[in-house]
Amino acid sequence: MSTPQFAYLNGQIVPWNDAKVHIFAPVAKYGLGVFEGMRGYWNEEAQQLYLFRVAEHLQRYAFSQKAMRFDQGPSSEELSKALVQLCHANSFSTDVHIRMMAFIESGELDATGPIGTAITAVPRETDRQVADGASVQISSWVRMPDNVMPARIKCNANYHNSRLALIQAQRDGYDATFLLNSRGKLAEASAMCVFIVRDGQLITPSVTNDILESITRQTVIELAREYLGLETVERDVDRTELILAQEVLYCGTAAEIAPVISIDRMVVGSGQPGAITQQLIEIYGAIATGKNDAHVSWRTPVF
Ligand code: PMP
């Protein structure tokens, strides 16, 4: 990866290679950090970089810190200014992926602060590889329940669970992995939430199924209602419903919306990306890039 010029560390824009923490820091020793992944979309016509749903990301970021008993860090206003400042400094004219992390820099396992802030933004295209449809494995790993690790937030350590499932799927030749929860119901993918379409109904696991409370999931629910007239049913989803469904899709900030065409090598629906999935991909892309100017509050312009 070619690295951008600047990163953000503790209130300052710094050269990329100077954004460092010590190996003895609790964030290195125990993964004592929480983070957000965000996207920025370059709109060539407007010569503008739009950051997508910043307010919602910062709200979840604050909750992640509360759930992990972190001390108060910088305010949301300060952080949203820092995001814009960093993208500005790097003069991006491409789509970007942004990672913002609150971390504990010194102390032991029981340290609750002081809170460090790191932000990186790197050019990133959407993964078009799966645009034709992803093959998914149901993992033999189980999504950790919320009374083991807070599943609905983004703390660094949660990602060991996602990583093991993802590597298993990749080694077995699949594009992606779906994890069931400890009750045997569908939870989510390694970094994406899942929707199915059954008999015209859009269905997704409810937020009490050990899923991350995903912003893209919420966006899909809102756009499906608004543009397709579809009310999403939030409920438990059984694993065999995945192969009964006419369409399956996964969604997340990085992955956006992607069709799933097989589960455990069993064909989903027609084996092609479904009509509802394709419409959602189109609407989502248009709104996120600002080509459709609805939902103006979802886009933060950088320039
Ligand atoms: N689940 C997990 C575990 C994730 O890391 C992500 C990516 N943040 C998602 C789901 C999708 O969440 P979002 O739409 O907020 O990016």
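In this predicted model, the side chains of Arg-217 and Glu-234 meet in a salt bridge with an N to O distance of 2.6 Å (a salt bridge being a side-chain nitrogen of Lys or Arg within 4 Å of a carboxyl oxygen of Asp or Glu). Arg-217 belongs to helix 5 (residues 215–228) and Glu-234 to strand 12 (residues 233–235), so this pair ties together parts that are 17 residues apart in sequence. Here helices (H or I, at least four residues) and strands (E, at least two) are DSSP runs, numbered from the N terminus. Arg-217 counts as buried, at 2% relative accessibility, while Glu-234 is partly exposed at 40%. Buried means under 20% relative accessible area, exposed over 50%, and partly exposed in between (1.4 Å probe, protein chains only).

Further along the theme, Glu-188 forms a salt bridge with Arg-143, their closest N and O atoms lying 3.1 Å apart. Glu-188 sits in strand 9 (residues 186–189) and Arg-143 in the loop between strand 7 (134–142) and helix 4 (159–171), 45 residues apart. Both Glu-188 and Arg-143 are buried.

The search of the whole structure returns 15 salt bridges. Another of these joins Glu-108 and Lys-29 at 3.5 Å, N to O. Because Glu-108 lies in the loop between strand 5 (96–104) and strand 6 (115–123) and Lys-29 in helix 1 (residues 26–29), the pair ties together parts 79 residues apart in sequence. Glu-108 is partly exposed at 40% relative accessibility, and Lys-29 is partly exposed at 29%.

Residues are numbered from 1 along each chain as its sequence is written, and side-chain values use heavy atoms, with hydrogens and water left out. Local features need pLDDT of at least 70 and side-chain atom pairs count only at pLDDT 80 or more, whereas totals for chains, interfaces and linings use all residues.
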